Amino acid sequence: MRRPGRAALLTAAAALTVTGAACTAPAAAATPTASPAAAATPAASPATGSWPVYHGDPAGSGTGTLPGPVDTSSPAWTSPVLDGQLYGEPLVSGGRVFVATENDTVYALSADSGAVIWSKHLATPVPASSLPCGNISPTLGITGTPVIDPARGEIFVVADELVNGKPAHVLAGLSTVTGAVRMTQNVDPPGAYTPALLQRTGLTLTDGRVVFGYGGNDGDCSTYRGRVVSVSEDGGAPAIFTVDAAAAQSQGAVWMGGAAPAVDNHGNVWVSVGNGSVENPARAYDYSDSALELSPMMHLEQFFAPDSWASDNVTDRDMATEPALLPDGRVVLAGKSRIVFLLNGTHLGGIGAQQAKTGPVCDEDIDGGMATVGSTVYLPCLSGIVAVSAAGSSPGLRVLWTSRIGGGPPIVADGLVWSISHGTLSGINATTGKLQQQASIGLPANHFPTPSVGDGLLLAASWNKVVAFKAGPGGGAASPATGNGAVGDLPGAASSDGTGGPPPAAIGGIVAGVLVLAGGAGWLIYRRRRPGSSQPPP
């Protein structure tokens with residue numbers, strides 16, 4: 001489908017607080033703010049030394065604890081070159097760092113040194129040339145971030161692999177200690193055209209089940225339907241929720257910019273959905289362009305979609321973020337429309353039932369996992385991280401600051417918002433939006449990588465390596481501010497242009513800088529989606 005053109009500089013009215021937005025279900029919009037016991041309340045975080053799931057905890061809050069400031073002057077270690085591209089987030093458990101590659105290989109690295117403790121090559125990945133479309137090449141293997149069950153000592157991945165010469169999606173469980181394969185199971189939905197499916201979301205766990213989503217390859221070619229799949233950790237028949245399930249319908253990708261489904265304190269699963277095939281609002285709604293709450297067995301509990309869902313389908317304006325579950329039970333949602341929605345988690349209310357919404361808050365797509373600290377949410381806008389607050393007794397949203405720093409899905413640790421963009425890891429002051437620290441990590445394979453923390457480390461993935469920075473007393477010298485003008489700042493909201501001189505590591509990174517400058521124009525093209533795509537390019 002077509003992509004809307006790049007937005008012009010935004011007005012103050014679009015960026016500032018908007019409350020009491022008109023909706024088709026006034027009762028839902030008027031519902032009081034949910035209590036902390038509401039269904040959307042996030043599940044408890046794991047131990048601070050571990051990071052076993054995308055963005056650290058079942059709710060995907062993206063917040064972590066470090067023993068002190070991060071030393072970005074030089075890496076604590078850099079892993080050996082791995083055998084394929086990294087699309088997922090590094091995970092941490094039991095003193096080890098885990099990553100998976102597009103060559104269908106899972107690695108366990110030492111958290112102390114980055115050395116490979118074990119690696120397991122699961123199968124032959126799918127050649128990109130054998131797929132009807134897509135932009136991951138030369139092979140398609142493990143794309144979604146794995147998930148770890150520390151109690152079982154098991155890491156789960158979904159591998160796209162060749163089975164009898166044809167693409168298949170296989171769920172595998174491996175021992176985190178030895179890498180031994182404990183289970184494998186084909187998880188292709190019945191009747192699906194497998195080459196058209198991309199398992200893009202991270203994996204998560206709830207009620208003893210592994211949960212993940214399916215979308216389509218870049219280009220929305222052939223025929224596919226978005227799905228959310230739930231499989232017992234011991235294997236068995238999958239439970240599946242299907243988007244655009246009616247005859248002659250298709251699309252409705254569940255991809256969320258690589259984020260994992262969020263899990264609330266009742267064990268229910270929250271996902272967002274991209275554009276579907278129904279483009280006439282007079283036709284029956286198809287669950288596209290939405291936020292869905294599902295039970296662990298994939299029964300639909302409730303949904304939300306904006307009034308503009310049909311026109312959003314026409315213009316490919318996916319909901320493309322993992323729903324952010326706030327501690328008070330409310331939910332924040334965003335996507336390619338660049339509009340941010342505030343929802344009542346206990347009563348999503350269906351079409352048009354938001355409590356509040358903003359105008360567009362930035363001028364690029366918002367996709368991936370958000371970071372949430374209390375009522376403040378940090379949004380992964382490709383043009384730079386944006387901070388939005390849902391604080392206050394009246395339902396509303398307020399833009400705290402916008403930036404031209406980062407753009408990859410953010411996390412928060414040691415009071416800084418960390419984001420990866422163009423091969424640079426940036427630490428942004430969570431209160432002001434100003435650049436505090438920066439380090440070169442090497443160009444990533446795509447724009448989706450998100451940092452993680454664990455065992456006293458801040459971790460980031462580049463093209464085919466993991467880079468680790470140590471945290472502790474004496475680290476974290478801030479970059480000196482130099483100032484280059486607030487180019488492209490959005491009027492009407494506090495703004496940060498990322499001013500600040502580079503740290504010593506960046507000054508020493510002359511070669512990396514030359515590569516970034518030389519590839520700048522190519523990067524702008526590289527991250528642009530082709531017409532008809534359900535996702536931005538990697």
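A disulfide is a pair of cysteine sulfur atoms within 2.5 Å. In this predicted model, a search of the whole structure finds two such links. With the bonded cysteines counted along the chain, the disulfides follow the pattern 1-2, 3-4.

One of these links joins C133 and C221, whose sulfur atoms are 2.0 Å apart. The angle about the S-S bond is -80°, and the link of C133 and C221 is left-handed. C133 belongs to the loop between strand 8 (126-127) and strand 9 (139-140), while C221 belongs to the loop between strand 16 (209-216) and strand 17 (227-232); the pair therefore ties together parts that are 88 residues apart in sequence. C133 is buried, at 16% relative accessibility, and C221 is buried with a relative accessible area of 14%.

C362 and C381 also form a disulfide, with their sulfur atoms 2.1 Å apart. This link of C362 and C381 is right-handed, with 105° about the S-S bond. Here C362 lies in the loop between strand 27 (356-357) and strand 28 (371-373), and C381 in the loop between strand 29 (376-379) and strand 30 (386-389), so the parts tied together are 19 residues apart in sequence. Both cysteines are buried: C362 has a relative accessible area of 3%, and C381 has 0% relative accessibility.

Attention now turns to a sheet. Strands of a sheet pair through backbone hydrogen bonds, either parallel or antiparallel. An open sheet of four strands runs in the order 3-38-37-36, and its pairing is antiparallel. Strand 3 (77-78) and strand 36 (452-454) are at the edges; each has a single partner strand, so one side of each is left without a neighbour in the sheet. Strand 36 pairs with strand 37 (residues 457-461) in the antiparallel sense over three bridges. Within this part of the sheet, S452 stands opposite L459 of strand 37.

In soluble globular proteins, nonpolar side chains tend to be buried together. The largest nonpolar core has 44 residues, of which W77, V106, W418, L458, L459 and F469 touch the most other members. Strand 37 gives the most to this core, with five residues. Leaving aside residues up to four places away in sequence, F469 touches a set of residues including V70, P75, A76, L425, A439, I441, L457 and L458. Another core, of 28 residues, lies apart from it and includes I136, F212, V229 and A445.

Aromatic rings supply a further set of contacts. A pair of aromatic rings is described by the distance of the centres and the angle of the planes. The count comes to ten aromatic pairs. In one of them, F212 and Y214 are edge-to-face, 5.7 Å centre to centre and with 85° between the planes; both F212 and Y214 are buried. Y285 and Y287 form an edge-to-face pair as well, with 5.5 Å from centre to centre and 70° between the planes. Is each of these two tyrosines buried or partly exposed? Because the limit for a buried residue is under 20% relative accessible area, Y285 is buried at 17%, whereas Y287 is partly exposed at 29%. Y285 and Y287 belong to one aromatic cluster together with F241, F303 and W309.

A ring also takes part in a contact with a charge. The charged end of R200 sits over the ring of F448, at 4.5 Å from the centre of that ring.

Technical notes
Residues are numbered from 1 along each chain as its sequence is written. This is a predicted model: local features need pLDDT of at least 70, side-chain atom pairs count only at pLDDT 80 or more; totals for chains, interfaces and linings use all residues. Side-chain values use heavy atoms; hydrogens and water are left out. Two strands pair if DSSP finds at least two bridges between them. Helices (H or I, at least four residues) and strands (E, at least two) are DSSP runs, numbered from the N terminus. A nonpolar core is a set of buried Ala, Val, Leu, Ile, Met, Phe, Trp, Tyr and Cys residues joined through side-chain atoms within 4.5 Å. Buried means under 20% relative accessible area, exposed over 50%, partly exposed in between (1.4 Å probe, protein chains only). Contact means heavy atoms within 4.5 Å. Rings of Phe, Tyr and Trp (its six-membered ring) pair if their centres lie within 6.5 Å; planes under 30 degrees apart count as stacked, over 60 as edge-to-face and the rest as tilted. A charge sits over a ring if NZ of Lys or CZ of Arg is within 6 Å of the ring centre and within 35 degrees of the ring normal.
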